[in-house]
Amino acid sequence: MQEKQATGLDTRMLVPVYAGVCVIICQFFAPWATIPMLKRCRLPNTYSVFHSGELIRNIQTAAQECTRIEIAPLTQREFSGLLTISSCLKVASLLIICLMLLVIASVLIRKTKSKTVVRICFGFHLIYNLGICGLGVLLNLLVNQKMRRPNTFFNLSIHSEVLVTSWVYGQILLSVILLFAAGKLLTLRESYAPQMYVERTMHKDRRVSYRTWAALALILFAIPLVIFFGIYFLGDRSNIFIGLCIICLAMLPFIMVFEGRKPQARELLIIAVMSGLAVVGRMAFFMLPQFKPITGIVIIAGIGLGAEAGFLTGAVSGFVSNFFFGQGPWTPWQMFAFGIIGFLAGLLFHRNKWLKHTNKYVRLVLECLYGGLATLFIYGFILDFSGVLTMTANGITWEALLAKVASGFVFNLIHATSTVVTLLFLAQPMEKKLDRIKKKYGILEV
């Protein structure tokens with residue numbers, strides 16, 4: 001029997017269309033700048049591109065009438081110049097909207113022949129958003145001059161009076177992706193090889209794979225850079241955006257597991273289930289400060305599913321659970337701390353030949369010991385360090401760090417105790433269930 005594959009617009013070819021619609025919506029509704037000091041004068045502090053003129057007028061109003069802000073008024077020349085720039089920005093925004101409409105029409109009509117149009121349009125969109133970032137820096141330089149503040153790195157980033165929002169940085173990322181991936185997305189495949197069955201294989205233990213090294217590189221370099229970027233350039237209004245970036249980076253090594261085959265829904269579902277259990281476990285003990293089983297479940301995920309899955313489970317659990325406990329500057333740090341604990345658990349215990357021949361009680365003791373020490377020192381130190389970094393105006397000092405560690409030691413000790421208790425009662429039963437699922441369905445094993 002011969003099966004024919006339908007031809008026409010491939011699903012992935014719709015990605016540039018969706019991206020164009022997203023950009024158009026962002027131009028009309030998404031805020032591109034926020035000025036926190038205007039809150040003191042009861043003026044709007046967040047503005048879209050089409051309200052940039054109102055932003056300039058409110059800065060002038062605050063300088064002239066609000067006694068709670070110590071800033072000199074803009075001169076007539078500066079005020080007129082900024083309004084001219086605002087008008088040019090609106091024209092550029094309308095041009096971007098027209099370019100995105102051109103992208104949508106080109107992809108829907110010309111299909112694979114629209115690669116050049118997509119690249120050119122999103123190239124202009126990238127330049128446009130980089131220009132907005134440059135305008136934000138110039139406006140900060142002017143505001144610092146009017147407030148007689150030195151133009152230091154801190155005053156132009158984390159303590160800046162004019163903050164470019166994460167929507168702008170998100171559109172920059174979107175433009176870069178479409179600029180380089182247009183050729184791949186707009187390649188139409190006429191037929192697909194039918195997949196009649198899934199071959200399940202279980203390979204023997206081997207050394208640390210290259211994808212694990214890639215995950216380690218991301219953990220040590222890429223993810224910390226993303227977190228520091230959020231601190232110094234996005235202020236404390238970037239928690240969800242930075243959290244999503246961390247999840248995307250955490251998914252890269254996990255996706256590499258499927259380099260030789262297509263992922264199955266059941267393989268992705270098990271990560272979602274473990275993340276859900278960790279989130280529910282944290283919510284179930286909300287009445288007990290710091291006594292949360294989330295770290296223990298993340299460790300079990302790392303031990304049973306591997307280092308990459310452990311990091312992804314930890315990052316997702318920290319991100320999702322904070323929708324209930326509150327998002328804030330601590331969210332990216334919690335995601336990073338949970339993730340690295342899950343990653344190290346997979347590195348130490350998953351596919352460890354020596355531990356497989358060890359008595360199960362000895363293995364349980366080692367897992368509990370690791371869970372307690374990792375929670376107390378790794379999670380505790382990362383969160384204490386982040387608290388000093390984000391909450392201290394004078395920067396990091398040894399005195400402030402020691403004071404933070406000392407004040408948080410009891411809370412970290414309670415958290416470590418909860419991790420040990422979780423592993424003591426749940427580690428072996430859950431590991432047996434995970435092993436049974438892996439053997440039955442042949443998932444997450446290469």
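In the predicted model, Glu431 and Arg363 form a salt bridge in which the closest N and O atoms are 3.7 Å apart. Because Glu431 belongs to helix α14 (residues 398-441) and Arg363 to helix α13 (residues 360-391), this pair ties together parts that lie 68 residues apart in sequence. Glu431 is buried, with a relative accessible area of 10%, and Arg363 is likewise buried, at 16%. Together with Glu367, these two residues, Arg363 and Glu431, are linked in a network of salt bridges.

The structure holds four salt bridges, among them that of Lys146 with Glu78, where the closest N and O atoms are 2.9 Å apart. This pair links distant parts of the chain, with Lys146 in helix α4 and Glu78 in helix α3 (residues 76-110), 68 residues apart. Lys146 is buried, with a relative accessible area of 15%, whereas Glu78, at 22%, is partly exposed. A further salt bridge joins the side chains of Arg149 and Glu161 at 3.6 Å, N to O, and both of these residues are buried.

Three cavities of 30 Å³ or more were found in a search of the whole structure, and the largest cavity holds about 60 Å³ of space. Its lining, to which α1 (14-29), β1 (31-34), α4 (115-147) and α5 (166-185) each give two or more residues, comprises nine nonpolar, three polar and no charged residues. Among the lining residues are Trp32, Tyr128 and Trp167.

On the surface, a nonpolar patch that includes Met283, Leu288, Val320 and Phe325 has about 850 Å² of accessible area together. Helix α10 (residues 307-325) contributes the largest share of this patch, four residues. Phe325 lies in helix α10 and, at 34% relative accessibility, counts as partly exposed.

Conventions: Residues numbered from 1 in each chain as written. Predicted model: local features only at pLDDT ≥ 70, side-chain atom pairs only at ≥ 80, totals over all residues. Heavy atoms only, no water. Patch = residues over 30% accessible without salt bridge, like charges linked within 9 Å, V, L, I, M, F, W, Y side chains within 5 Å. Areas by Shrake-Rupley, 256 points an atom, 1.4 Å probe, with all protein chains shown as cover. Buried < 20%, exposed > 50% of the residue type's maximum accessible area, 1.4 Å probe, protein only. 1 Å grid on protein atoms, 1.4 Å probe; cavity = no way out; pocket = protein on both sides within 12 Å on 5 of 7 lines; lining within 4 Å. Points joined across faces, edges and corners; volume = space filled by probe spheres on them. Nonpolar A, V, L, I, M, F, W, Y, C, P; charged D, E, K, R; others polar.
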